[in-house]
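Here's a quick briefing for anyone meeting this structure for the first time. Take a look at the sequence and the model, then read on.

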Amino acid sequence: MDRLYELENRRRSLAMLPPQSAALKREEAMTLLQELEETERRLKRLRDGLVKLLEEDAGGG
């Protein structure tokens, strides 16, 4: 299962919680999940960039 797909499923589950849950407010959980999703996207771009650099170095150097 794709990591971003998994995060989206969690976001949808959190969205169904009552707005004032006891341990962590729904809005706080949604914000944390959004931050995690963006971090995952950025990490993937960084990994992809590193792979590209390594391939260029191996091919040209």
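Six salt bridges turn up in this predicted model, where a salt bridge means a side-chain nitrogen of Lys or Arg within 4 Å of a carboxyl oxygen of Asp or Glu. Because the model is predicted, local features need pLDDT of at least 70 and side-chain atom pairs count only at pLDDT 80 or more, while totals for chains, interfaces and linings use all residues. Residues are numbered from 1 along each chain as its sequence is written, and side-chain values use heavy atoms, with hydrogens and water left out.

- Glu8 pairs up with Arg11 in a salt bridge, and their closest N and O atoms are 2.6 Å apart.
- Both Glu8 and Arg11 sit in helix H1 (residues 3-15), three residues apart, or about one turn of the helix. Helices here are DSSP runs (H or I, at least four residues), strands are E runs of at least two, and numbering goes from the N terminus.
- Glu8 is partly exposed at 22% relative accessibility, and Arg11 is partly exposed too, at 24%. For these labels, buried means under 20% relative accessible area, exposed means over 50%, and partly exposed is in between (1.4 Å probe, protein chains only).

**Salt bridges around Glu38**

- Glu38 has a salt bridge with Arg41, with 3.5 Å between the closest N and O atoms.
- Glu38 and Arg41 are three residues apart in helix H2, so about one helical turn separates them.
- Glu38 counts as partly exposed at 35% relative accessibility, and Arg41 is also partly exposed at 35%.
- Arg45 meets Glu38 as well, in a salt bridge of 3.7 Å from N to O.

**A charge without a bridge**

- Which residue is buried yet has no salt bridge? That's Glu37, whose nearest side chain of opposite charge, Arg41, is 4.2 Å away.
- Glu37 has its place in helix H2.
- Leaving aside residues up to four places away in sequence, Glu37 touches Leu4, Leu7, Glu8 and Arg11, with contact meaning heavy atoms within 4.5 Å.

**Gln34 and Arg11**

- Gln34 belongs to helix H2 (residues 26-60) and is partly exposed, with a relative accessible area of 45%.
- Gln34 and Arg11 are 23 residues apart along the chain, and their C-alpha atoms are 8.1 Å apart.

**The whole protein**

- The protein has two helices and zero strands.
- Its radius of gyration is 17 Å, well over the 10 Å that the globule rule gives for 61 residues, so the protein is more spread out than a compact globule. That radius is taken over C-alpha atoms, and the rule is 2.2 Å times the number of residues to the power 0.38.
- The C-alpha trace spans about 60 × 20 × 10 Å along its principal axes.
- Buried residues make up 8% of the 61 residues.

Definitions and conventions: Lys, Arg positive; Asp, Glu negative; His and termini not counted.
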